[in-house]
Amino acid sequence: MAAAIRVLAMDAVEKANSGHPGMPMGMADVATVLFTRFMKFDANDPAWPDRDRFVLSAGHGSMLLYSLLFLNGYPGVTIDELKRFRQLGSKTPGHPEYGHTAGVEITTGPLGQGLAGAVGMAIAEKLLAARYGEGLVDHRTYVIAGDGCLMEGISQEAITLAGHLKLSKLVVLWDDNNITIDGAVSLADSTDQLARFRAAGWAASRVDGHDPEAVAAALHAAQSADRPSLIACRTTIGWGAPTKAGSHAAHGAPLGKDEIAATRAAYAWPHEPFVIPEHVAESWREAGAAAAKPRAAWDERLRAAAPATRENFLADLSGLVRPEVADAIEAFKKKASAANAAQATRVSSQKTLDALAAAQPNLIGGSADLTGSNNTKAAGMASVTPLDFSGRYFHYGIREFGMAAAMNGMALHGGFIPYGGAFLVFADYSRPAIRLAALMGVRAIHVLTHDSIGLGEDGPTHQPVEHLAALRAIPNLLVFRPADAVETAEAWQLALEAKSVPSALVLTRQNLPVLRRVHTAENLTAKGGYVLREAQGPRRATLVATGSEVALAMQAAETLAAEGVETAVVSLPSFELFAAQPDAYRNETLGDAPRVGIEAALRQGWDLALRPGDAFIGMSSFGASAPAGELFRQFGVTAEAAAAAVRARL
């Protein structure tokens, strides 16, 4: 059965003339034991909620996963698709892609992120079990990780978080083959990984990865562990290849026809490429059927559950936004407009969350050690602890990347809508996970505060200037920079409703006035941009701004109006949503008059709203350490500068 995986990997990589045969060949024994003796899944329903999750963190070895999916009969993963490995439109892309191939739980390839995402899956399992009991939620998360996964820095954030939270249903099988692309691991690393994991609170053991009984014994021990488990599987990369096994030559290139022929002889495998003998195929089918046996009993337990329990469980898993959310947002907007109280949008965000937490019970929050600064802990949210997962708020520690990756895993697992807080400047740390969320199309909400030089005295190390442009450059990511409490609430509603898109809410430290003082039921932020203040006569200029600078635009418009220069103000809280509007709407909103863009950040990306000859008031350098008001004046991000830019273009 393991040989079937090996030959399929060899054959597919050879046919594609591209890929990584060595890891699937080395880990075939381990994967066979896992899938035939331990994994719980239903190939006919890859989305069964109580299935075990399998994460191939070493995503370059994708043919290991595709072979397993084919042999177990997952829909769409046919022998023809294996023959189309790495070809345009196939179900077998170079690295596993979530949503593209049945049975792929998470997109992997960027090393370490699969492991970190698996931590999020294990967190979600434990959270869901605490709410609905082990009768409905009792599954494990298995990971195959390579040396590269463990060298990447995110692995430290992930394993220490998992160890702290005592995620006992998380099992990592490390492909301990001592080879990387450059050669032996010893060229670059000499870490005692077992000691490292034990220090982080894991159970850790080492086995011969080519001894099925040893692998099975280690996996059996992991079933009863009170902490996450690492099983170091000492393997030979490219196992069985006469001249390339055990060397980096087997890692990332086809073995070649002669080597494959010799390897087939070593396996005593006389069959043609992509041919699996019937008795081997039948053994795999029987194993897959056995893995699905627990499904019927689970279905019965779900049917027997109390109606309210079953209804809430299925509602959480559906990922749908509860109807109460719209009512909560509407009430908040009315209150904010009427109160007309200046406050930071991070505070507006927390007050919105206070309402949303009650309306959307599966909203799960957290922060990377900045709870009081990000304002991410909603009223009534209890903290999750290693011994009590009934809460709804995570203290992720100083682990921005690990937090973002765990949020991806939680969203992929299902049952929860995760959000997490950090300073905007530290989105640099979490950016790879944000990008992966956008690539996968999962709803993870990032609350990014302290959004500009407006944070003041902490200085240029903490003042983001390029980060808005960097986030807006990521496809399929919604970036919101709201101007006041009303836009903040609207942004939260849109982030929740964007089921297949991650979002970033970019919020201020400093207080901002309420600009939307007359309540509107319509979510104007949904258009991305809209006219906040229209000119009283024919427009002579349009000021376009985001976030804290919208108030500056309003001040400049009043100054210009007093001079007889009728000026409109456009608030542009989301570039992505504005870009998605019809041309006619965008043209009508922006108008034909000269435009001035205002944002305390770099200009990159503003071509969406500005034309050649239009002005931009913003940053062109890093900031400085000083009170916020002084910094806005020092860098020329002022209402006076905006008004002067208009006058220069009349």
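Some ground rules before the details. Because the model is predicted, local features need pLDDT of at least 70 and side-chain atom pairs count only at pLDDT 80 or more, while totals for chains, interfaces and linings use all residues. Residues are numbered from 1 along each chain as its sequence is written, and side-chain values use heavy atoms, with hydrogens and water left out.

I'll start with the helix pair. Helices here are DSSP runs of H or I with at least four residues, strands are E runs of at least two, and both are numbered from the N terminus. Two packed helices are described by the angle between their axes and the distance between the axes. For H2, residues 22–38, and H3, residues 62–71, the axes come within 9 Å and cross at roughly 40 degrees. The axes are lines fitted to C-alpha atoms over the stretch in contact, and angles run from 0 to 180 degrees between N-to-C directions. H2 and H3 are therefore oblique to each other; under 35 degrees counts as roughly parallel, over 145 as roughly antiparallel, 65 to 115 as roughly perpendicular, and the rest as oblique. The crossing of H2 past H3 is right-handed, that is, the near helix is turned clockwise from the far one by less than a right angle.

Which residues in H2 meet H3? On the H2 side they are Met-23, Pro-24, Met-27, Ala-28, Ala-31 and Phe-35, and they meet Met-63, Leu-64 and Leu-68 in H3. Contact means heavy atoms within 4.5 Å. By class, this contact has nine nonpolar residues, no polar and no charged ones. Nonpolar covers Ala, Val, Leu, Ile, Met, Phe, Trp, Tyr, Cys and Pro; charged covers Asp, Glu, Lys and Arg; the others, Gly among them, are polar.

Next, the cores. A nonpolar core is a set of buried Ala, Val, Leu, Ile, Met, Phe, Trp, Tyr and Cys residues joined through side-chain atoms within 4.5 Å. Buried means under 20% relative accessible area, exposed over 50%, and partly exposed in between, with a 1.4 Å probe and protein chains only. The largest nonpolar core has 77 residues, and those touching the most other members include Ile-123, Leu-127, Leu-170 and Trp-202. H5 gives the most to this core, with 12 residues. A second, separate core of 65 residues includes Val-33, Tyr-74, Phe-85 and Ile-276.

Leu-170, leaving aside neighbours within four places in sequence, has contacts including Ala-118, Val-119, Ala-122, Trp-202 and Pro-228.

Now some single residues. Is Ser-349 buried or exposed? Ser-349 lies in helix H15, residues 345–359, and at 0% relative accessibility counts as buried. Not counting residues up to four places away in sequence, Ser-349 touches Val-447, Thr-488, Trp-492 and Leu-507.

Pro-573 sits in the loop between strand E16 (567–571) and helix H22 (575–579). Pro-573 is also buried, at 1% relative accessibility. Beyond four places in sequence, its contacts include Phe-480, Arg-481, Glu-487 and Tyr-530.

Glu-640, in helix H25 (residues 639–647), counts as exposed at 60% relative accessibility.

Last, the backbone. Arg-86 is not a glycine, yet has a positive phi of about 65 degrees. Arg-86 is in the loop between helix H4 (79–83) and helix H5 (113–132), and is partly exposed at 27%. Asp-369, not a glycine either, has a positive phi of about 65 degrees, in the loop between strand E8 (363–367) and helix H16 (371–374).
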